[in-house]
Amino acid sequence: MIKKLPESTENVLGFEVDGKVDLEQEKQLISQVEAVLEKHPKVSVLVILSDQASWGLEAGYEDLKWAMTHVKSFHRIAIVSDRKIWEWLVAIDSPFAAVLGIGEKHFDMVNLDKAWEWVKE
């Protein structure tokens, strides 16, 4: 399940992911980001990932395909989770994101407020 967070603003979106994301949910998420990009050149995204967060194969492929064609549309990405795997994946990915001009950081759940502050900068 993907839930849009009430702290979201015009060009800063927050989502909470809990459980397995299917293709339909991924398409709905993409459409919300595209709606922002119709009005703004860039979007920043904060994603809270629960311990059960995962993507189905079709949803993961759709996410990757869309993200690769919209790389220049992202300003900052904050991944918020207490799972070490997400921290490691962000550590691996963030240097590549930086080359593309995207800020990407991992935050533990206790630092959710700091994540919001950073992603809104």
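This is a predicted model: local features need pLDDT of at least 70, side-chain atom pairs count only at pLDDT 80 or more; totals for chains, interfaces and linings use all residues.
We've got four helices and seven strands in the chain. If you walk along from the N terminus, you go β-β-β-α-β-β-α-β-α-β-α.

Buried residues come to 40% of the 121. And if you take contacts between residues at least 6 apart in sequence, 75% of them join residues at least 24 apart.

Now, charges. There are 14 positive side chains and 21 negative ones, with the centres of the two sets 4 Å apart.

The structure holds four salt bridges, and I'll go through some of them. Glu16 pairs with Lys3 at 3.7 Å, N to O. That one ties strand 2, where Glu16 sits, to strand 1 with Lys3, 13 residues apart. Glu16 is partly exposed at 28% relative accessibility, and Lys3 is partly exposed too, at 41%.

Next up, Glu121 and Arg76, with their closest N and O atoms 2.9 Å apart. Here Glu121 is in the segment after helix 4 and Arg76 in strand 6, 45 residues apart. Buried or exposed, for Arg76? Buried, at 17% relative accessible area, whereas Glu121 is exposed at 59%.

Last one: Lys84 with Glu87, 3.0 Å from N to O. Both lie in helix 3, three residues apart, about one turn of the helix. Lys84 is partly exposed at 45%, and so is Glu87 at 29%.

Methods. Residues are numbered from 1 along each chain as its sequence is written. Side-chain values use heavy atoms; hydrogens and water are left out. Helices (H or I, at least four residues) and strands (E, at least two) are DSSP runs, numbered from the N terminus. Buried means under 20% relative accessible area, exposed over 50%, partly exposed in between (1.4 Å probe, protein chains only). Contact means heavy atoms within 4.5 Å. Lys and Arg count as positive and Asp and Glu as negative; His and the chain ends are not counted. The place of a charge is taken as NZ of Lys, CZ of Arg, CG of Asp or CD of Glu. A salt bridge is a side-chain nitrogen of Lys or Arg within 4 Å of a carboxyl oxygen of Asp or Glu.
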